[in-house]
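Please read them with the structure open.

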Amino acid sequence: MKTKSFILVAVAVFAALLGGFMYVALSGGGDERRAGALAAQSYATGNYLLEIGGKNVGALKSVSGCGVTAELVGAVGSSKIQTKQAANVRYGPCEITFGHSMDSPFFAWINDTLKGNAGPKNVAIVAVDANQKATTRLELTGAVIRSFALPKLEAGSKDPVEFTVTIDPQTIQKSAGGGAAVPSISPKAKSLLASNYRLDAPGLTNDLKKVPSVESWSFEVSQPAGTQGVARQLGGNLVLGNLSLAVSEPGSEFDAWLDSLTKGNPSEKNVTLELLDPTLKDALMSVSFSGVGLLSGQLLPAADTGSKAVGSREFTMYVQGASINFNASPAA
C-alpha cells in the first residue's frame, strides 16, 4: 500500500511539474494569440445602445471586438536574458449588428460613408440594464465606418433583417455608466423580414420578379496601408461587393443579357433592391446599384435542393456605384 501511495504521489507531482513547464513554454509565444482572442470575442450578455454625439440612436442586437492590443517588444541585455515590454497600443474595431429600428443619424452616417464624404465621429456603445440605465460605456473617438453588410434575402424566410457594421475607432475609453437613465427612441411600427424584398431594373423587370434569393451584399472602406493614429481614420478605398442572386426559369431577359456578354457587347444596368414592410407595399429601405454588369451566369437550372432553389439559375454582377435610402421615420 505504501508503494502504491508513493507512486500516486509521484505521478501527481510529475503532472503538476509538467503542467507548469507547459505554461512557461506556451506563455512566451502565446501572448499575441491570447490578445487576439480577447479582441475578437463576442459580448453575448447585456443590452447595448449606440450613441452618436451623445444621442441614443437605437438598440444593438450584438457587439463584438472592441479590444485593445499591444506589440510585444523585447531585447537581450548583457546578462543574455530577454526582457519583454508592451508597446504601440492599438484599439481594435467594433462589429455591431442591428435592425431597422435605428434612428436616422446612424443611417445617414452609413450612407455618407458609401458616398465617400463621411468624417470621423465620436460615438459610444452603452451597456444598459433592464431599466434602461447605463452600466458601462465605451467611448469611441475618431470613429469611422469600415464596412456595412446586408444579410442574405430569401423567399419564405421568417428571419428578421439584421445589418452588420464595423466601426474603427482611433481610441476607446471604458468607464462606468453611473446608472444614468438613457432616453429611448420611438419604436418603429413595421419590421423587415428577409423574405420581403423586391428587385427591378430596365430590361430585367419580368425576371427580377422571380428571384428566390439574393446573397449578402456589402461594401468596405479599406485602411490606408501603414497608417496609424489620425491618418488611419482618413482615406482608404471604397470597395463595393458583387451582387449575386438566383433567378427562376425561364430567365429569358437574363439570357439576352448574358448573350450580349458572350458576343463581346457587355452592357451595364441600374438595379434597385427594396426591402418591404409586411404588407409588401411600402419600401422601408432601398439600395440603388448603378453600373451593374454581368460577371457570370449559369446556363442550366439547379437540380439539387441544398442552398439553391430548385429550377433556379445563379448570376453574379459587379457594382460600380450604390446608394442606400432608409425610411427611418419613427412610428406615430
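This is a predicted model: local features need pLDDT of at least 70, side-chain atom pairs count only at pLDDT 80 or more; totals for chains, interfaces and linings use all residues.

1. The disulfide. The structure holds one disulfide. Cys66 and Cys94 form it, with sulfur atoms 2.1 Å apart. Cys66 lies in the loop between β4 (62-65) and β5 (68-76), and Cys94 in strand β7 (residues 94-98), so the bond ties together parts 28 residues apart in sequence. Both ends are covered. Cys66 counts as buried because its relative accessibility is 10%, under the 20% cut-off. Cys94 is buried too, at 0%.

2. Strand β9 and its cover. Strand β9 spans residues 134-150. Of its 17 residues, 12 are buried, so the strand is mostly covered.

3. The hairpin. Strand β8 (residues 121-128) runs antiparallel to β9, and seven bridges join the two. Lys121 has Ala143 in β9 as its bridge partner. Five residues separate β8 and β9 in this hairpin. Check Gln132 in the turn: its phi is positive, about 65°.

4. Other partners of β9. Strand β12 (residues 171-176) is antiparallel to β9, with six bridges between them. Here Arg137 is paired with Ser175 of β12. Strand β11 (residues 163-168) is also antiparallel to β9, through five bridges. There the bridge partner of Phe148 is Val165. Four bridges join β9 to strand β15 (residues 217-221), again antiparallel. In that pairing Leu150 stands opposite Trp217.

5. Trp217 again. How many aromatic pairs does the structure hold? The count is 13. One of them is Trp217 with Phe289, an edge-to-face pair with 5.0 Å centre to centre and 80° between the planes. This pair links distant parts of the chain: Trp217 is in strand β15 and Phe289 in strand β19 (residues 283-297), 72 residues apart. Are these two residues buried or exposed? Trp217 is buried, with a relative accessible area of 1%. Phe289 is buried as well, also with 1%.

6. The ring cluster. Ring pairs link a set of residues into a cluster that includes Trp217 and Phe289. Phe148, the residue bridged to Val165, is a member too. Also in the cluster are Phe98, Phe106, Phe107, Trp109, Phe163, Phe219 and Phe326.

7. A charge over a ring. The charged end of Lys269 sits over the Trp257 ring, 5.4 Å from the ring centre.

How values were computed: Residues are numbered from 1 along each chain as its sequence is written. Side-chain values use heavy atoms; hydrogens and water are left out. A disulfide is a pair of cysteine sulfur atoms within 2.5 Å. Buried means under 20% relative accessible area, exposed over 50%, partly exposed in between (1.4 Å probe, protein chains only). Two strands pair if DSSP finds at least two bridges between them. Rings of Phe, Tyr and Trp (its six-membered ring) pair if their centres lie within 6.5 Å; planes under 30 degrees apart count as stacked, over 60 as edge-to-face and the rest as tilted. A charge sits over a ring if NZ of Lys or CZ of Arg is within 6 Å of the ring centre and within 35 degrees of the ring normal.
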